[in-house]
Amino acid sequence: MQTGNAGLLVLLIRLCLLTSGTLTKAVDNTEGNEAASEKLIRHSHSLCAGEQEYVDRRKIVVLESLNSLGINCTADSIPHIALLASGGGQRAAVGLVGFLYQMEKEGLLDTLLYLGGVSGSTWSMSSLYSDPQWSTNMDRAVSRLSGPGVELEQVLAWLGDRAKEEHFSLADIWAVLTSAVIMKQMDLRHLSDEASRNATNPYPIYSAIEKKCFSDGPIEGKWFEVSPHEAGFTEMGVFVETSLLGSKFQSGELLEVTPEMDMVRLQGILGCALAHEEVIREFIPPWLNVPGQVDSAAEEYLRIYRTIDKLVVLTRSTINDPTALSELNKLQKTLTDKVTLNESALLESKSLEERKSIFQQWSLELLAAVETWSQSLEDGAFKTHVSLLTKQVLPLILKWEWGTTKNFLYQYQGLTIPPCLQSKEKLHLVDAGLLINVAYPPFLGDKRDIDLMIAPEFSAGNMFETLTLARDYATEVRKPFPEIDNKILEERDWPKDCYVFEGKEKEPTIIYMPLFNRQNCKDAEEFKARMEEFSTFQYAFSQEKIEFMLETVKANMKNNKDTLVREINKAALRRQNKRYNSRL
């Protein structure tokens, strides 16, 4: 960027925003009540002042990028472009890095105003933003994926500190292992630290859902967004400063300030799909997977097994000692043997209460097997480490506590708050992919006024499902969404590499880009095989898998550069027409 032009560009952009009324609206976000602006809980459906200021500065970068691409654009017609990354565990985390890498190489990364993520993509987002200049050097981010990882001692030290805190939960265990094993770093900074950065990078929006409201609450209480400036409920428009997320509130008053969670813990909260029982059902052993056999009685048993198994897999990736790896293999075999042993005869003709009693006994046996294995290890560093892990993990599995933090809306009286929030002292924030596995909700409607959404799809399950879920969500909350031709949905078993769902007036245009597709899979069978090979819940990727994933995503992005440029240009024209029509 040429700094000599920066001041002039800022002035032009601000003048245009003031002329259109956008900046005035953002500053006057108390909706007629000046006293409300002084409260720590903000109720508004407009951008907070901090995000608006960042966006204004980011538009300088976007404008220069558009001009370099030959897209005629003025300061008052800069399109609002958001890249919305999906969830999908390590597949999504690696995929997002590869997609952004190729965007930088093709000169498109700086056209992005926003970057939004859920689940696995938030892991790579939190890693990327640890570098204040990441978007100017994606080579560094790619090389980190192949780094040496984090030693188990550092993992345990972090866990030891977290275990002393009031809201220590399974999300913390999950957080530190995914950070250490998958993203190869322990990022101890705070998200609010980014609030004062320059606008070198797109503005990040992370997403979660509130577990209690997700299960039995209204749509307004479900989606939760977190940015460097504030955190809160998207549809209710109720937010608190990000630095105060986790502090103690009652009736809208701040009673106690708690230190802000670091990015390691935030990663765990945002990407803990295992927190919900429905996900555990995907791992039901065959002998239990029959009608009438899987009910509330079996859930605790299944979740204990799956959680221990997954944590063993992640722990394995933090150590290199052959003896320790052999011992972990023994534990995994013991657990697998217990769960796959066909005991269906014991459940026949049993009442629900009797079944619960049987499963509770089996659950205790699983935990006892871990404890017995732990005690049988030879004295030494590995046994010490394992003892610390089992001491911290096993009680949490029984409690099934995930993503616990203090609720800033506890007994809040300022507006109508759903009972699933108002009456609870704690929030349970978990993986937003359980609702929609792409971060559409924060970018729908007038608040961020998005013209173009670029959606690389790394999700598992039915292709196009995230689109149809987002469409249904938008309908429920009365926000514009582009039309989806049902004929396209018939291509779910072998999709194309790029689809454009064009917005007309208020609807944003969506560029939807499946990871595996007709360009890199010869038929539906290969497509299915690739999805299974890179499944969400598996061992940490080998170096070979990481490289394959990166190259696949880079090729997808590069092959569709012309489509992206065309739609970016159309978005600029639409924005220009909007401005022109608004002045008539």
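The points below treat the ring pairs, then a cluster of rings, then the charges placed over rings.

1. The model under review is predicted.

2. Tyr301 and Phe359 make up a tilted pair, with 5.6 Å from centre to centre and 40° between the planes. The two residues belong to distant parts of the chain, 58 residues apart: Tyr301 is in helix α12 (residues 296-316) and Phe359 is in helix α15 (residues 352-376). Both Tyr301 and Phe359 are buried.

3. The pair of Tyr440 and Phe481 is edge-to-face, at 5.9 Å centre to centre with 75° between the planes. Tyr440 lies in the loop between β11 (426-431) and β12 (452-457), and Phe481 in the loop between α18 (465-476) and α19 (486-489); the pair therefore ties together parts that are 41 residues apart in sequence.

4. Are Tyr440 and Phe481 buried or exposed? Tyr440 has 0% relative accessibility and so counts as buried. Phe481, at 11% relative accessibility, also counts as buried, because the cut-off for that class is under 20%.

5. Ring pairs also join Tyr54, Tyr114, Tyr203 and Phe443 into a cluster. One member of this cluster, Phe443, has Arg448 lying over its face, at 5.8 Å from the ring centre.

6. An arginine is likewise placed over a tryptophan ring: Arg518 lies over the face of Trp494, at 4.7 Å from the ring centre.

How values were computed. Residues numbered from 1 in each chain as written. Predicted model: local features only at pLDDT ≥ 70, side-chain atom pairs only at ≥ 80, totals over all residues. Heavy atoms only, no water. Phe/Tyr/Trp six-rings, centres within 6.5 Å; stacked < 30°, edge-to-face > 60°. Helix = DSSP H or I, 4+ residues; strand = E, 2+ residues; numbered from the N terminus. Buried < 20%, exposed > 50% of the residue type's maximum accessible area, 1.4 Å probe, protein only. Lys NZ or Arg CZ within 6 Å of the ring centre and 35° of its normal.
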